[in-house]
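Please open the structure in your viewer and keep the selection tool at hand. This tour moves from one selection to the next and says what is found at each stop.

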Amino acid sequence: MSTRIAFLKGHGTENDFVIVPDPDNAIELSPAAVAALCDRRAGIGADGVLHVVRSAAHPEARAMAGEAEWFMDYRNSDGSIAEMCGNGVRVFARYLQHAGHVAEGDLTIATRGGVKSAHIAKDGDVTVGMGGARLPEGDVTVRVGERSWPARNVNMGNPHAVAFVADLAHAGDLYGPPPVSPEGAYPDGVNVEFVVDRGPRHVAMRVHERGSGETRSCGTGACAVAVAAARRDGGDPAVTGTPATYTVDVPGGRLVITERPDGQVEMTGPAVIVAEGVIDGEWLENALR
């Protein structure tokens, strides 16, 4: 292992990440190493790791290299691999700008959920094309204690169960994953969103992200919530022919989600680089023992 590994810390609506630049895919980030880095007391602390690799250098991204130069190798805070992270894409785009790899304007980023388009605006916000939502059939129920709610099954490249509730406090402490039935509906786990209304096309949410617990924000979750809310409100853009835009408040800030008539979903919000430094290789080796 390298003696010193460069890193940065960033966040998007307080969904925070350790960013590890590694253009040539030379750093082996084991699940244990990721978990150590994300530990909020013994490590740097984060909801996940953004491993920044050139697409051509990563076996999972080489097929996308012609469309996107950079691959977001995203890891949850427990070290598990995730298909996508919407807030992560925004922070990833901000890092590429910070490092001088891209300028303001449009860019593409490869992810395990496919190639995502992004736009870095002059005001600092980043808009990400999140792709289209899939709405798998079948009834899903979310339970917390003695309460239960029907949930909307929405897939944004990763799975979500969206439950509309009367009070966000009903979600409980969200230390552990809320039970979802039927058993086997999500064989690889699921992100669970609890949603309340704040006004016309304005909602607030809390989320339990699989592999990370409750986070301050979840980009794909906010998109799933907006899609579910539009269907609940009878505003499916494919039917109405007009875009549906929802403001989604998360504990860490605010995101604006637009679903277009062609089914594509866009997310706009802030992305911030907080700090940069080096990871001591000896500390990391000791942490893995």
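Is N25 buried, partly exposed or exposed? With a relative accessible area of 25%, N25 is partly exposed, where buried means under 20% relative accessible area, exposed means over 50%, and partly exposed lies in between, all for a 1.4 Å probe and protein chains only. Before going further, note that this is a predicted model, in which local features need pLDDT of at least 70 and side-chain atom pairs count only at pLDDT 80 or more, while totals for chains, interfaces and linings use all residues. Residues are numbered from 1 along each chain as its sequence is written, and side-chain values use heavy atoms, with hydrogens and water left out.

**Backbone stops**

Stay with N25, which sits in the loop between β2 (15-21) and α1 (31-38); helices here are DSSP runs of H or I with at least four residues, strands are runs of E with at least two, and both are numbered from the N terminus. N25 is not a glycine, yet its phi is positive, at about 60°. Select L174 next, in the loop between β10 (159-164) and β11, where phi is again positive, near 60°, in a residue other than glycine. L174 is buried, with a relative accessible area of 4%. Then go to P182, in the loop between β11 (180-181) and β12 (191-199), and look at the peptide bond from S181 to P182, which is cis, with omega near 5°. As background for these stops, most residues other than glycine have a negative phi, and most peptide bonds are trans.

**Helix α1 and the cores**

Select α1, in which A33, V34, A36, L37 and C38 are buried. These buried residues of α1 pack against β2, β3 (48-54), β4 (70-76), β18 (272-280) and α5 (281-287).

Now select M72 and I257, the residues with the most contacts inside the largest nonpolar core, which has 50 residues. Such a core is a set of buried Ala, Val, Leu, Ile, Met, Phe, Trp, Tyr and Cys residues joined through side-chain atoms within 4.5 Å. Helix α3 (residues 219-232) gives the largest share of this core, nine residues. A second, separate core has 17 residues, including V142, V144, A163 and V196. In soluble globular proteins, nonpolar side chains tend to be buried together.

Return to M72 and show its surroundings: leaving out residues up to four places away in sequence, M72 touches a set of residues that includes L50, M84, C85, F92 and I109, a contact being heavy atoms within 4.5 Å.

**The cavity and the cysteines**

How many cavities of 30 Å³ or more does the structure hold? There is one, a cavity being a set of points on a 1 Å grid over the protein atoms alone where a 1.4 Å probe fits but cannot get out, with lining residues having an atom within 4 Å of a point. The largest cavity has a volume of about 70 Å³, the volume being the space filled by probe spheres set on grid points joined across faces, edges and corners. To see its lining, select Y74, N76, A82, E83, M84, C85, N158, N191, E209, R210, C218 and T220.

For C85, the nearest cysteine sulfur is that of C218, 6.5 Å away. C85 counts as buried, at 4% relative accessibility. Select C223 as well, which is buried with a relative accessible area of 0%; its sulfur is 8.7 Å from the closest cysteine sulfur, in C218, and this is too far for a bond.

**Last stops**

Go to E104, in the loop between α2 (86-98) and β5 (105-111), which counts as partly exposed at 44% relative accessibility. Apart from neighbours within four places in sequence, E104 is in contact with Q97, I120 and K122. Draw a distance from E104 to D139, 35 residues apart along the chain, and the C-alpha atoms are separated by 43 Å.

Finish at R198 in strand β12, which is exposed, with a relative accessible area of 51%.

Note on methods:
1 Å grid on protein atoms, 1.4 Å probe; cavity = no way out; pocket = protein on both sides within 12 Å on 5 of 7 lines; lining within 4 Å. Disulfide = S-S within 2.5 Å.
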